[in-house]
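The sequence and structure come first.

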Amino acid sequence: MELREVRGAARRQRQPFPPHRRARRSADRRADRVAPTPVSEVASADRCPCLSGETFGECCEPFHLGTRAVPTAERLMRSRYSAYATGRADYVISTWHPTTVPSDLVLDDDTRWYRLDILAKESGGPFDTEGSVLFEAFWRRGDERGSQLEKSRFVREDGRWLYVDGL
Ligand SMILES: [Zn+2]
């Protein structure tokens, strides 16, 4: 085990959404930086990975591109899920609160996120400063399948919703 991994483990939060590999060999990491390849290509006219019923271009894509502000905690949750589903690690990092953001994030290329269920939410509206969203996200990796149940906490600072942590 590399020293970097040990330090990474010490800083790790309790199960941030979704599980991801933090540490990789530095050569791989360099390769990622040079050629960030989306996990799956989703076009604007495709249905949004968050399964809102809207197209990607009408739903989460404008948030990823920074052309629209995220109005609610739920929309941030959905757009972060879509970012995981499309391999947008940069968006996941940029919407993470500075006090809890990991120093490095490498998405697992072999994991496919294929379904999101929003189960409950508290506050998180356009005029709130805090909110939480309970959800279940479903993944498959080769022949394996599973899901992650998490209650994510969000805060709104300077008009921007940010992910804090999940239980
Ligand atoms: Zn969406």
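This is a predicted model: local features need pLDDT of at least 70, side-chain atom pairs count only at pLDDT 80 or more; totals for chains, interfaces and linings use all residues.

Leaving aside residues up to four places away in sequence, Tyr 81 touches Pro 49, Cys 50, Trp 113, Leu 116 and Ala 137.

## Helix α4

Helix α4 is mostly covered, with 14 of its 14 residues buried. Just after α4, Gly 87 has a positive phi of about 75°.

## Overall fold

The protein has 5 helices and 4 strands.

Of the 167 residues in the protein, 30% are buried. Contacts between residues at least 6 apart in sequence include 51% that join residues at least 24 apart.

## The sheet

The 4 strands form an open sheet in the order β1-β2-β3-β4, with antiparallel pairing. Strands β1 and β4 stand at the edges; each has a single partner strand, so one side of each is left without a neighbour in the sheet. From one strand to the next, the twist averages 30°. Helix α4 packs on this sheet and touches β1, β2, β3 and β4, and its direction makes about 165° with that of β1.

## Strand pairs and hairpins

Strand β1 (residues 112-123) runs antiparallel to strand β2 (residues 130-141), and 10 bridges join them. Within this pair, Arg 115 has Phe 138 of β2 as its bridge partner. The two strands form a hairpin with 6 residues between them, and Gly 124 in the turn has a positive phi of about 80°.

Strand β2 also pairs with β3 (residues 144-157), in the antiparallel sense and over 12 bridges. Here Val 133 stands opposite Ser 152 in β3. The hairpin of β2 and β3 has 2 residues between the strands, and its Gly 142 takes a positive phi near 60°.

## The β3-β4 pair and Arg 160

Between β3 and β4, which run antiparallel, there are 6 bridges. Ser 152, which stands opposite Val 133, has Gly 166 as its bridge partner in β4. Another partner in β4 is Trp 161, bridged to Arg 156. In the hairpin of β3 and β4, 2 residues lie between the strands, and Asp 158 takes a positive phi near 50°.

Is Arg 160 buried or exposed? Arg 160, in strand β4 (residues 160-166), is exposed because 12 other C-beta atoms lie within 10 Å, and the cut-off for an exposed residue is 12 or fewer. The C-alpha atoms of Arg 160 and Val 70 are separated by 7.0 Å, although the two residues are 90 apart along the chain.

## Confidence of the model

The mean pLDDT of the protein is 83, and 76% of the residues reach 70 or more. Over residues 1-15 the pLDDT stays under 50, and the model has 11 contacts beyond four places in sequence for them. Residues 21-38 also have a pLDDT below 50, with 18 contacts in the model beyond near neighbours in sequence.

Technical notes
Residues are numbered from 1 along each chain as its sequence is written. pLDDT is the predictor's confidence in each residue, from 0 to 100. Two residues are in contact if their C-beta atoms, placed from the backbone, lie within 7 Å. Two strands pair if DSSP finds at least two bridges between them. A residue is buried if 20 or more other C-beta atoms lie within 10 Å of its own, exposed if 12 or fewer, and partly exposed in between; C-beta atoms are placed from the backbone. Axes are lines fitted to C-alpha atoms, for helices over the stretch in contact, and angles run from 0 to 180 degrees between N-to-C directions.
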